Amino acid sequence: MIRSRIAPAVFALLLVSAGPSVIGAAQAQPTPPSRPGTVLPDDKADNPVTPSAPQRSPAATLERLFQRLHDATTQEEAEGVARLIQRRWARSGSDTADLLMTRAQQALKDKQNELAIELLDRVISLQPDWAEAWNQRANALYLMGDSIRSMLDIGETLKREPRHYGAMMGLGLILRQQGDDKAAMTAFRKALEIYPQFDAVKKAVDSLKTEVDGRDA
């Protein structure tokens with residue numbers, strides 16, 4: 001089990017409803033924690049596109065969403081765009097993989113972490129290039145207390161989606177738990193480059209700024 005050095009306000013980011021408490025405390029919640037950038041099984045539909053709207057490729061649309069996320073001037077606006085990005089991430093292009101992902105997420109909600117990992121292993125076998133599959137398994141491993149394998153899966157997530165601010169946040173949390181505040185700060189700041197209005201990450205940076213920047217000064 002991982003023992004946290006992080007303030008509860010930062011770890012509140014791990015709740016499913018917010019997107020990423022000590023692991024034991026997290027498992028006492030009605031629903032299991034996850035890092036930001038994960039999506040609930042019933043939260044995958046974008047707003048419908050009107051018939052007259054110009055058609056864009058998924059990649060072009062995602063690029064546009066990331067630009068909107070970066071340029072958002074309020075936290076509310078940014079959170080709305082982030083939800084759209086996360087819904088894009090939740091699509092694998094395979095009905096079978098999507099179904100297995102939904103079952104894995106339900107297993108996490110039911111605190112059946114080993115089953116969730118088994119299901120996510122199958123998802124990754126089917127869709128090895130799906131960044132969110134690696135991110136979800138990283139979360140499941142984190143809940144199991146396996147921070148090393150969780151970090152490895154975060155690395156695989158970022159290989160496939162370098163802008164995955166949720167994976168960056170998760171990496172920062174684990175690094176801070178391990179006492180590497182400087183590396184944690186780097187991960188948090190990279191997340192803010194993508195998502196400047198990410199309130200929980202801003203708080204994490206503020207909590208480390210004096211210690212890390214002061215130490216380097």
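Predicted model: local features only at pLDDT ≥ 70, side-chain atom pairs only at ≥ 80, totals over all residues.
Asp153 touches Trp134, Arg137, Ala138 and Leu141, leaving aside residues up to four places away in sequence. Contact here means heavy atoms within 4.5 Å. Asp153 sits in helix H8. Helices (H or I, at least four residues) and strands (E, at least two) are DSSP runs, numbered from the N terminus. Is Asp153 buried or exposed? Asp153 is buried, at a relative accessible area of 4%. Buried means under 20% relative accessible area, exposed over 50%, and partly exposed in between, with a 1.4 Å probe and protein chains only.

Residues are numbered from 1 along each chain as its sequence is written, and side-chain values use heavy atoms, with hydrogens and water left out.

Now the overall layout. The protein has 11 helices and zero strands. Along the sequence the pattern reads α-α-α-α-α-α-α-α-α-α-α. The protein has 217 residues, and 48% of them count as buried.

Next comes helix H9, residues 165–177. Its 13 residues should span 18 Å at 1.5 Å a residue, and the end C-alpha atoms are 18 Å apart, which agrees. The expected span is 1.5 Å times one less than the number of residues. Of those 13 residues, 12 are buried, so H9 is largely enclosed by the rest of the structure. Among the buried residues are Tyr165, Met168, Leu173, Ile174 and Arg176. Just after H9, Gly179 takes a positive phi of about 90 degrees.

H8 packs against H9 at an angle of about 150 degrees, with the axes 10 Å apart. That makes H8 roughly antiparallel to H9. Axes are lines fitted to C-alpha atoms, for helices over the stretch in contact, and angles run from 0 to 180 degrees between N-to-C directions. Angles under 35 degrees count as roughly parallel, over 145 as roughly antiparallel, 65 to 115 as roughly perpendicular, and the rest as oblique. The H8 and H9 crossing is left-handed. A crossing is left-handed if the near helix is turned anticlockwise from the far one by less than a right angle, and right-handed if clockwise. On the H8 side the contact includes Ser147, Met151 and Ile154; on the H9 side it includes Ala167, Gly170 and Leu171.

Which residues have the most contacts inside the largest nonpolar core? They are Phe66, Leu69, Ile85, Tyr165, Phe188 and Val201, in a core of 36 residues. Helices H3 (58–71), H4 (75–89), H7 (131–143), H8 (147–160), H9, H10 (181–194) and H11 (199–216) each supply at least two residues of this core. The largest share, seven residues, comes from H9. Another core, of 18 residues, lies apart from it and has Ala97, Leu120, Ala140 and Leu141 among its members. A nonpolar core is a set of buried Ala, Val, Leu, Ile, Met, Phe, Trp, Tyr and Cys residues joined through side-chain atoms within 4.5 Å.

Ile85 touches Leu62, Leu65, Phe66, Leu69 and Tyr165, not counting residues up to four places away in sequence. Ile85 is one of the buried residues of H4, along with Ala78, Val81 and Trp89, among others. The buried residues of H4 pack against H3, H7 and H9. The 15 residues of H4 should span 21 Å at 1.5 Å a residue, and the end C-alpha atoms are 21 Å apart, which agrees.

H3 also holds Ala59. Ala59 is exposed, with a relative accessible area of 54%. The C-alpha atoms of Ala59 and Arg88 are 9.7 Å apart, though 29 residues separate them along the chain.
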